[in-house]
Structures are given as C-alpha cells and as structure tokens.
Amino acid sequence: MRIIPNKIKPILLGSMLLIGIVPAALYNSISSDKLATVATEQIAEGLRHRTELAAHSLDGVLEQRMLSIHKLANSPVFQLAHAQALSQGNFMPDYLRELVKTDPGFSRIDVIEYQQGALQPIASSVPFNLRSFNYYLAQDSLTPLLDDLPSLISGKRDVLFTPPQFANNKAFVYVISPVAHAHQADDTRERFLLIKYQLDELNSQLTFLGERISDTDYVMLINPQGDVVLSGRHQGQQLNAFTDFSRFYTQNPELITQKPEKETFVFTPEGELVPATDTTPNRSPLLSYTNRHGAVMVATLAPLTFEQVGFPQWTLVSVTQKNAVTATLDYLQQWFLTALFFTAGIVIILSLILTRHITEPLANLSRFAAQFKLGNYARNKSFRGPQEFQMLHDALNQGADKISDDTQQLNLALHKAKSADRAKSTFLANLSHEIRTPMNGMLGLAQLLLKTDLTREQDQHLRTLLDSGKHMMSLLNDILDFSKIEQGQLVLDPTHFCFTDLLGTIESTYHSLAREKGIGFQIHCDFDQRRWFFADKARIRQVLFNLLSNAIKFTEKGRVDITLNLDDTTETSPRLTIIVKDSGIGIPKNRITQIFDPFAQAEVSTSRRFGGTGLGLSIVKQLIDLMKGDISVTSLETIGSTFTVILPLTPGHYIADDYEDIDFDSRDFAHLNVLIVEDNPLNVLIIDSFLKQRQFVTTVANNGAEALEIMAQQDFDLILMDNHMPVMDGIETIGRIRKLSAPTCNTPIFACTADVFAETQRKMLDAGAQCVITKPLDERKLVDALQRFKHKITAMSHASALAHKGKQPATRTIAETTPPLGAPITALVKAPRPVALASCQATASATVAMSVSADDGITPDSDAHSGPDSDPRSDAISGAGNPKAMLPAHFETLNIDALLDLMDNDHEIVTEFLHMFCQEHSQDGQRFVQALAVPDFDLAILISHSLKGAAGSISAHTLAAAAQVVEKQVKQQQAPSHTEVEALNLALNALVEEIQHKLNP
C-alpha cells in the first residue's frame, strides 16, 4: 500500500497541513488570549510615533526642496541670461545640465519665455529642437499647468505643481516657478523655470523606513483619494496590500476629512473599528480592517504638514498584519521558539520527501523546456515523477514533435521565399540591363545626331525619338521604383530646398504640355513660394509629376488646376496640402477603391487608349505613406477627378552649394588615354564619340580579361568600365586592377552600368570605382564626373609620365620629341596603341605644339598652324607678344601663387586663363545691375553664380566672396543692397584692370 500518493495535489495538501495549519493551531491555542490583551497596549503607541517621525522627515525634505527651487529661480545667473549668458553659446544649457547632474532630484530643467500667450524655449538641460520641445509641452499633465501661468504673473501663486506623474515605475511632479530677471520698460516677456522633480528622495526615505521594519509591513504615501503615490521598496509593484488599504480608505470618507493633529479611529481587542473618545478604555490610536484573505491588518496615518498652495495633501501610511505586531512581544519568545523548532523538524523531513517526488521531476522538466530556447526540439524519453508531471512531460514531447515538424516546413518555405526573392531581383536586374543597353544606344545616338546639321523635319523626328525613349525609361523606372518600395529598399533623402524651385519645374514642364493639348493649366499657391523646407524634394516632385501627368493625359478638354496650401497652425510641423483637379474622363465609382492598386487603371480600355503601366498612382500612394502623408480622391465619371495630398514638412533654411561649377575646358584632357571596357558596340560608339569631342585618345577592350592584357602593355589615365560582360565582369576586373603595381593600380575608374540596383552600384564602389554612371549614358553626367575627378585624372597622367621617364636611359623633354619644323602637325601625336579607335585631333595637337618651350630654340611655324584645324586660342596664349609669357610675381586682387600651383606652374596657360576671364566676365557687373532693374532674378542668379565660380577658379577670392553674397540674396528672390552691389563692381573692376595692366604693360 502506497503511503505517499503519486499525485501532486495530495502531496501539497498534506505538506501545507503539516507546515502551516498544525503549528498555527498549536501556537494560537497557547498564546491567543495573551496576544488579545497585550498587543494594542504595548505596540500601538510605538507604531504611531514611528509613523509621525517619518512624516516629519518627509515634510523636512519637501521644505528643503521648495527652498532650493526658490533659490534657483532667484539665481543671479538668470539675471545675466538674456544680456550675456545666451550670447555665449551653450553657457545656459551647460549650467542647467550641471544642476541636473549634481542634483538627481531634478531630472530636467527648462527655461521658458512667456509673451502674449506664446511659449518659447530659452534653454534646457537636454538637447532639443522646437518640434521636440513643443511635443514635450503638449503633454496632458502640463497643459493645465501652462494654462495657469497668468496666476504666476499676477502674483496670485508663487509656484505651480502638477499631480504626481509616473514613468518607468517612478513618480515625479512638474514644478513651474517664475525666474527673477531684469525687465526693460517695454518688456512684456516673463521667464519661468519648468522643473521635472523626481520624488526619488521621498521614496528613499520610505525605503529607509521600510528596511527597518518587518518584511510583512508596508509603508506608503497616499493622496486624498487613497491612491498610492510612493511605496518605498515596493515602488512600481501592484500589491494586494495597497489595493486592500485603498479600498478601505475610500469606503470610510471620514478618514479623508480628519484633521492632521487628531487620531479619530481606534480598534478594540476584538478588531472592531470604532470612533475614538476620551472614555474609550483599552483602545489604541490605530486603524483596523480586514484584507481580501480575511486577515486583520492595522494601519497608522500621519498626514504631512507641508503646506504650499497647489501642492497635493499627502498622508503617510504604515500597514502591518495584526499577527506580526503581536508576534514581536518578548514575553512570548520562548513559546514561539518551541513552535519554530517543532516546525523546522517537520519542514526538514518534508523537504527530503518533496525533493525526491516534486523538486527533482520539476528540475528535469525545466531542463527539458530550456532546450526549446536553444532550438533543440528532440524528444525526452526517460522521465520519472508524479502522474501530473508525467502528463506534462508527454505534452512537452508532443509539442516538441509539432514544433520540429513546423520548423522544418517554415525553413523550407523561407528557403523558397528567399529563392523567389533572389530570382525576382535577378530578373529585374537583367530586365534593367537588357532594356537600358539598347536604350543607351538609341538615346546616345539621338543626342549625337542633334548636334549635327539637320533639317527641321529631321530635328523634329529626332526629338520625338528622344522623348519616346525617355518615356520608355520612365516606365522602366516606375517598375524599378515599385520593386524597391515593395522590398523596403527605398529610403527618403531629405534636403533643404526652396519651394520656388519645385514650382518652377512644374510650370516649365507642364504648362507647355497643356498648351500643346489645348487645355488650360494654372498653379495656385496660397503661401510664400520663397519658403525653404527640409524634405525629399525629388520624391515630392515625383508625386506631383505623376499626378499632373495623369491629369493632363486623361483630360481632352477643359483645364487642369493645382492648388497648394500650407497649414502652419499645427503644433508639430507645417502640413502641405496639394489639390490636383482636372476635367478629364473621371473614374467610375466601382474603380475608386482600386485606383491605388498596382497595375490598376480606371477601366480595361484605359491602357490601350492612353497607355501606361498602372503603377503611377500605386507608387504615389506608397511614397506618400513613406513620407507619413495621406492621399484621397473624389471623381465623377465624364466630369473629372480631384486628388488631395497632405504631406508633413519640416521648415528648412538656405544651404549654400557644396561645390562650385567650373567651366569645362577640353584642353585639360587633351592627349589623355582612356580605356573603354565595354562589350556592346553601340555603347562603345557613343562613349567614344563623347570622349573624342573632348580630345581624349581612346582604346577599347571587349571584356575584363582583355582589358587587363592591354593594361599590361600600356598605361591609361582613365578607365570607363561596364559591369555585365563575358569572360570577366566589371566588379572582378576593378578588383584585379586595384591589386596591380603602382601607378597602374591608382588609375581612376568610372563604372558605367545599366544596373540601377543600389547593391550592384555599391559592389562596384567597394571594388574600387571612383563613381558610378548609370545608363543610358547622359553626356552631362560624363562631363560632371570628369570635372569632379579632374585632379585625379591629370595626376594619373603625370604619374604615368614620371614612371615612363624613370625607365628611359636619359630624361627627355617635349622639345626633343618634336618633329622638325614644317612637318605635318599630326606627327606630334603619339603612335596609335593597340585597338585604338582614333588618334588625337589636330586641334589638340596644335595646342601641344604651341606650348613647346622657346628655350629649346624651336619657334612654332605660323604657316603650319594656319589651317582650318588651328586653335583660335593660340593668340591669347602668346600674351603681349612674349612667347614665354612669364607672369608678374605679385597680384593684389588674386592669389597668383595658388593659381600657378593649380596649373602646374604653367605661366602660358595661366596667362590665357586670365585673358579669357577678362573677355568673358568684364561686363558681368553691368549685366547684373541691368538684370536687377527688370527685375530678372533668374538671369541675376546665373550671372552671379557664373562669376563666383570663375573668380574662384582663378583664386580671386575677394571677388568670389562678393559674388557669393549677392548670389545668396537673389536666390531668395531679394535684391542685394546698394553696398553689396557696389562691392561686387569694385572688386570686378579692380581685378580686370590689374590683369590688363600686368599682362599688357
């Protein structure tokens, strides 16, 4: 017969009976009578006195804290805040941060200014911007306090307080105190300290008290409603003891209205709560109630005597079990120890039994369950324990089997999903490359043909071809944008921009389109167009372009209107409202809800009639969602549609350009060798044509392996590298080039690829490319890249020349390689290298010939250079008839040393450069004044920007700075002052006069 049952319930019941009930019954039968007669007489007064002392200590803490706030508000530092401290940068924030650091009771201090109902931040102990500060003030707890600021100004109140607030299980209050500062006669501004006061020091006092009483006692601070404000060591815990007392407190309203100096309630030895009277015998100043478990609890209340207008009235409460109070009596210690030893013996015996039947099986189950966290879902076959534990073990085994099967299926599904995603990305990359490659040829040839002599009809056909190709590229870009958005790879790129730039683009693009179609087009902007914002300008423009393109496309007659409103009344940030209204075909009601779905259009015949992929509005919707905006549409079929977009914007400011435009001079790249690594002949033809126009010498390789072979025999100053090629792709080729010996490994590389995915472009940059130019190749992109990396390209040319000279037995100059006078000019050009498409043009050769030093006894033959290919700039190079054209050692208006250093100390080139500056820019001052008189700000911007860049390029820094000042003004549609214009003209005239005087004495 089993003595100990094999079920957990009988085991636990038997253990509880032996450990809890039997000793408690024995103890109660011996000492209950004595406890009832002695407890309240010996302990009540001690509990009351202890609570009152603690309340007095809390009063002292609050009084000291209010005194410290008063001293801080009257600190002489704030007398200096407006006049001196704020002018010293971060002095005031640093001072506030030091206060917070040294006094943990203040978790945040803000200095705010109040004027005519508006609040402005002055300084804060934490970093902030206007948006975050307004959000901080918009808290529900602060709103009533801020509304009551007039009472501080009028003197009705000294300090404002909020009710206790809680965050991260910590209590705090907001305190607002007026700051003493000097007022001007007409100054209506008032300043205040907004302090976030942590109640941790009060809670520390409660914790200190709680640590010195029994673990079964509770100390708390409550408000008049009975809610717990602070609870010492139990702060942040929702204990039943607090809930029971709060319920008891609210059920006895007479406790709330009692005076602090009186104790109006006591309990009898039988535990009954009765009013206290002078004649009540054997009653102590304690409160008694029964908790939810039926246990009798005793409590002492000590209201805080700290008084401050607006500060909440709190009461200190100490709660303990009646049994715990009586158990502390010394004269029952002997009986208690006897019972304790008896209980301890039983506990030891039961512990040995429970360890085997309960603790050990529980430990085994815990280890089994812990394996799940490590991803081990194997079955646990061996287990011994009670029946309930055995059932739990079987359930865990079944769960492990289920999880293991599900995990395998999920991993398989995840593998398939990743494979599908990779296949999709690969497909889109191939689609992009395969479409962009022929489009590159078509658009590139169209750009080249437009530069030739054409009839009017041919020019029209070519421009139509170019527009159609661009439309094809826009459709491809829509598909790629949609794919990026769908994969979460599209990231906003906010910049500072002027709204005028956005409106100007819309006006110039769509006004002519609407006029060609015979419909009206009007822009209504209800705010200052010159305002600056910080947002993703390109994506906002994409949204506007898609909406306007649809509106014009679907409108056969009538008009298209766009209305722009700006709501500045919100507390967070301005909200831009865009309304695009047309009188087009409209959208059927049954299609309204689907209009923003991918590949959805108003009707089935729409794509056949008007074209398009149906992705435009889907992209618009997802872009607006990405910018945390909203879009809605209303439409009536055959009447028209209205799209409304609401976008949150951040105020921005004027930002100067990071770099200056420099006029392109093809002579800078004359005779430089370029290796074109491209497998598509059409792309080779286009790139070669672009480079030849700039006097480059080109060589072609069909793949990366062929490029490496050519580079082993010949040095190059620049490499244009495709990515998708047979044998060896561009990424691998770039990596191998970077591993070659110097100087070849430092050759600048421009990656030219039709793959627009960011991952591919990043890989090419990581491999060592200087930049990535996407196809179809735009001539402007190539020119921009050449200008940005001009220094690297020319430096590579010098390095290659030095390396080549180092291999020769003796140093040779250009004059030594110059053919005899009268020889054909093409003799100056280097012999063609393998696979070279063409040699240098005669124009570039003439330039080299003219730059040969006269010290070698060689004088350029004028007849040899008088042909149609001669360089008209040769006269400017010769200066005032001196072929050497040595420059003066000092200029007042420009830094001649910096300019010579920039031009590799070539005096002839610098002389030509200065003459060209005088010819092109000497009248810019007058032209700028005439543009302001119209006024034509666009022309003024162009003149000032061009002059600034030209002056900077010749190191005329005074003129460049003056041009930058007026440029900044006209960019904001404001006329510069007379002083600023006069400074520009004086600097320009002085520079031109000095150049003409020094170069033509």
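What share of the contacts in the chain with a separation of 6 or more comes from residues 24 or more positions apart? The share is 65%. The model behind this value is predicted.

**The chain as a whole**

The chain has 1001 residues, and 42% of them are buried. Its secondary structure consists of 32 helices and 26 strands. The accessible surface comes to about 53000 Å². Carbon and sulfur atoms hold 55% of that surface.

**A five-stranded sheet**

Start with an open sheet of five strands. Read across it, and the order is β8-β7-β13-β12-β11. The pairing is antiparallel. Which strands stand at the edges? They are β8 (228-230) and β11 (287-290). Each has a single partner strand, so one side of each is left without a neighbour in the sheet. From one strand to the next, the twist averages 40°.

A helix packs on this sheet: α7, residues 200-210. Helix α7 touches β7, β8 and β13 (315-321). Its direction makes about 155° with that of β7.

Strand β7 (residues 218-222) is joined to β8 by two bridges. These two strands run antiparallel. I222 has V228 of β8 as its bridge partner. In a regular strand, side chains alternate between the two faces of the sheet.

**Strands around β20**

Strand β20 (residues 640-648) pairs with β18 (residues 575-582) through seven bridges. Strand β19 (residues 630-636) is also joined to β20 by seven bridges.

| Strand pair | Bridges | Direction | Bridge partners |
|---|---|---|---|
| β18 and β20 | seven bridges | antiparallel | T577 and I646 |
| β19 and β20 | seven bridges | antiparallel | S632 and T644 |

β19 and β20 also form a hairpin, with three residues between them. T638 sits in that turn and has a positive phi of about 70°.

**Two helices that cross**

Two packed helices are described by the angle between their axes and the distance between the axes. Take helix α15 (residues 537-553) and helix α18 (residues 616-626). Their axes come within 10 Å and cross at roughly 150°. The crossing is left-handed. On the α15 side, the contact is made by R539, Q542, V543, N546, L547 and N550. On the α18 side, G616, L617, I619, V620, L623 and I624 take part. By class, this contact has seven nonpolar, four polar and one charged residues.

Most residues other than glycine have a negative phi, and most peptide bonds are trans. Some places in this chain depart from that pattern.

Where are cis peptide bonds found? One joins A742 and P743, with omega about 0°. P743 lies in the loop between α21 (730-738) and β25 (749-753). Another joins V934 and P935, with omega about -5°. P935 lies in the loop between α29 (924-933) and α30 (937-953).

Positive phi turns up in loops too. H671 is not a glycine, yet its phi is near 70°. Its loop runs between β21 (650-651) and β22 (673-677). Q973 is not a glycine either, and its phi is about 60°. The loop holding Q973 lies between α31 (957-971) and α32 (978-999).

Is Q973 buried, exposed or partly exposed? Its relative accessible area is 24%. Buried means under 20% and exposed means over 50%, so a value in between counts as partly exposed. Q973 is therefore partly exposed.

Note on methods
Residues numbered from 1 in each chain as written. Predicted model: local features only at pLDDT ≥ 70, side-chain atom pairs only at ≥ 80, totals over all residues. Heavy atoms only, no water. Axes fitted to C-alpha atoms, helices over the stretch in contact; angles between N-to-C directions. Helix = DSSP H or I, 4+ residues; strand = E, 2+ residues; numbered from the N terminus. Left-handed = near helix turned anticlockwise from the far one by under 90°. Contact = heavy atoms within 4.5 Å. Nonpolar A, V, L, I, M, F, W, Y, C, P; charged D, E, K, R; others polar. Buried < 20%, exposed > 50% of the residue type's maximum accessible area, 1.4 Å probe, protein only. Areas by Shrake-Rupley, 256 points an atom, 1.4 Å probe, with all protein chains shown as cover. Pairing = 2+ DSSP bridges.
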